[in-house]
Amino acid sequence: MRKIVIVGGVAGGATAAARLRRLNEKDEIIMFERGEYISFANCGLPYYIGNVIESRQKLLVQSVEGMSKRFRLDIRNLTEVTKINREAKTVTAKNVLTGEEYEESYDVLILSPGAKPIIPPIAGINNAKNVFTLRNVPDTDKIKAHIDQTNPTNAVVIGGGFIGVEMAENLVERGVNVTLVEMANQVMNPIDFEMASIVHTHMKEKGVNLLFNDGVKAIEQEGKRVVLASGQTLETDMIVLAIGVTPENQLAKDAQLALGVRGAIKVNEHLQTSDPSIYAIGDVIEVKHYIHGFETFVPLAWPANRQGRLVADHINGRDVKYNGTLGTSIAKIFDLTVAATGSNEKVLQHHHIPYEVIHVHPLHHAGYYPGAKQMTLKVLFDRETGQIYGAQAVGGDGVDKRIDVIATAIKGGLTVMDLPDLELSYAPPFSSAKDPVNMAGYVASNIVEGDVETVQWHEIDEIVANGGTLIDVRTPLEVERGKINGSINIPLDDLRDRLHELPKDEIIYVTCQVGLRGYIATRILQENGYHAKNLDGGFKLYSAVFHQN
């Protein structure tokens, strides 16, 4: 019989504990949890604050009593592990209510303390009475009580990541005026700027005041005023800090376990730390990027759950390993769904990885069936091999399943040339005969196979300014509604009759609404001896960036 000690519950620790018991009835399993709750739906917390989830009880996945009885576990909540004594193979535990300390021995130790919100040293923050972070159930209770009791008029959300945008939405749903402050030039870091621009427009339409490229310099009047680095001041009734999280690494640091990216604990493929008798899982660890293999920090629920199961398997002698994190994520932002998987352009550029990119704007189901909604789907890939590096999608219904299909394709080693061959379910209420994933595969395959060259939204203005020829093959009525300055309107159906108007000694750039007619026009030009490039994503993508409200 072994004695296995787990530090931390929720996704990683609770999953590991349950799996350990299913694999071995004899081992002694002790789980320490500093908080009151061992297993709760932390991704659902903003929606309870917004009254979308009405019952607080539904956030609590498993109780101490229920889990202890079902899996015969020794669960000690409200008990904090303060020290790891590696030589003695013990931990020091402290009851947070009584202050009592004691030693507990272990044969195997699993660290799953998670991550904590980043709280920067902002002047005046310690004097503020209305500053909140959101990481656990007590945080949620404080925020909800503040809203229920004080009926705030204005709120400032600092940070535009998952928690920031979800809190902005749910505060708006509670009737609060929200200003979101973000130091970067966009919300939702997993997606790239042009995709985030679609989100920005939607959030503004819903009443959120977005302030980019700015940070918080000071908090004044006990939290009633926020002073930004730009000098702007914001009057507010509450402040939500959503800047991000950092690993809860103090235990590991004090025990001199090896640390890596952002101070996260280094682990091997079996999730063992630099001490083989100590494992670590969840938001506290450094992981390898599934596609490219570099070390990174990805605090998401799926990896924590998967790692919890795998670590239990390895402890019980199974030859398993964690293959890395892909970073598949999704968020609801008012009426939009935003999802991503794999690497974005920022990551690829940072690691000097060459890539190609395509954008398509398909309907989520057959256009003739009522309720069809347009999405924007982006795929990043290797031009030479077709390897898929990542994908992003913004839209309404159907975004989730397209990103999930592409995430599965990446895990299966498929390339963009395989995407057209995926036989996906089709009926008019659900998709089209050519699913958006198929369509993205066709467009990307055209690039890999050399059938078309493209130019990106951020390049075209400079090209036109430098004398490049850009033809817009939409109808005159479409052009009247908006166009790229300097473009020449030659409708697609007139193009063959007007080829003589175009120079053959330079590249002809082509744009349309979403890219399809531009592709057809590019092929016509190429077949007639012209060198042509299509504006990827068309005017719709371009205008999403440059015509924001």
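Residues are numbered from 1 along each chain as its sequence is written, and side-chain values use heavy atoms, with hydrogens and water left out. As the model is predicted, local features need pLDDT of at least 70 and side-chain atom pairs count only at pLDDT 80 or more, whereas totals for chains, interfaces and linings use all residues.

The protein chain contains 15 helices and 32 strands, assigned as DSSP runs (helices H or I, at least four residues; strands E, at least two) and numbered from the N terminus. The radius of gyration of the protein chain is 26 Å, close to the 24 Å that the globule rule gives for 549 residues, so the chain is as compact as a globular protein of that length. This radius is taken over C-alpha atoms, and the globule rule is 2.2 Å times the number of residues to the power 0.38. Along the principal axes, the C-alpha atoms fill a box of roughly 90 × 60 × 45 Å. Of the 549 residues, 53% are buried; buried denotes under 20% relative accessible area, exposed over 50%, and partly exposed in between (1.4 Å probe, protein chains only).

Side chains of opposite charge can pair when their charged atoms come close. The whole structure holds 32 salt bridges, each defined as a side-chain nitrogen of Lys or Arg within 4 Å of a carboxyl oxygen of Asp or Glu. In one of them, Arg-34 pairs with Glu-80, with 3.6 Å between the closest N and O atoms. This pair links distant parts of the chain, 46 residues apart: Arg-34 is in the loop between β2 (28-33) and β3 (39-40), and Glu-80 is in strand β6 (residues 79-85). Arg-34 is partly exposed at 42%, as is Glu-80 at 27%.

A further salt bridge joins Lys-378 to Asp-192, the closest N and O atoms being 2.8 Å apart. Lys-378 lies in strand β26 and Asp-192 in the loop between β13 (177-182) and α6 (193-205), so the pair ties together parts that are 186 residues apart in sequence. Lys-378 is buried, with a relative accessible area of 0%, and Asp-192 is likewise buried, at 3%. Glu-286 and Lys-266 also form a salt bridge (3.0 Å, N to O). Glu-286 is buried at 7% relative accessibility, whereas Lys-266 is partly exposed at 33%. Salt bridges that share partners join Asp-192, Glu-194, Glu-345, Lys-346 and Lys-378 into one network.

Surface patches comprise residues with over 30% relative accessible area and no salt bridge, like charges being joined within 9 Å and nonpolar side chains (Val, Leu, Ile, Met, Phe, Trp, Tyr) within 5 Å. Arg-22, Arg-306, Arg-309, Arg-318 and Lys-411 form a positive patch; Lys and Arg count as positive and Asp and Glu as negative, while His and the chain ends are not counted. The place of a charge is taken as NZ of Lys, CZ of Arg, CG of Asp or CD of Glu. Arg-22 lies in helix α1 (residues 10-23) and is partly exposed at 49%. A nonpolar patch consists of Tyr-368, Tyr-369 and Tyr-426, with about 360 Å² of accessible area together, computed by the Shrake-Rupley method with a 1.4 Å probe and only the protein chains shown as cover. Tyr-368, in the loop between β25 (356-360) and β26 (376-381), is exposed at 62%.
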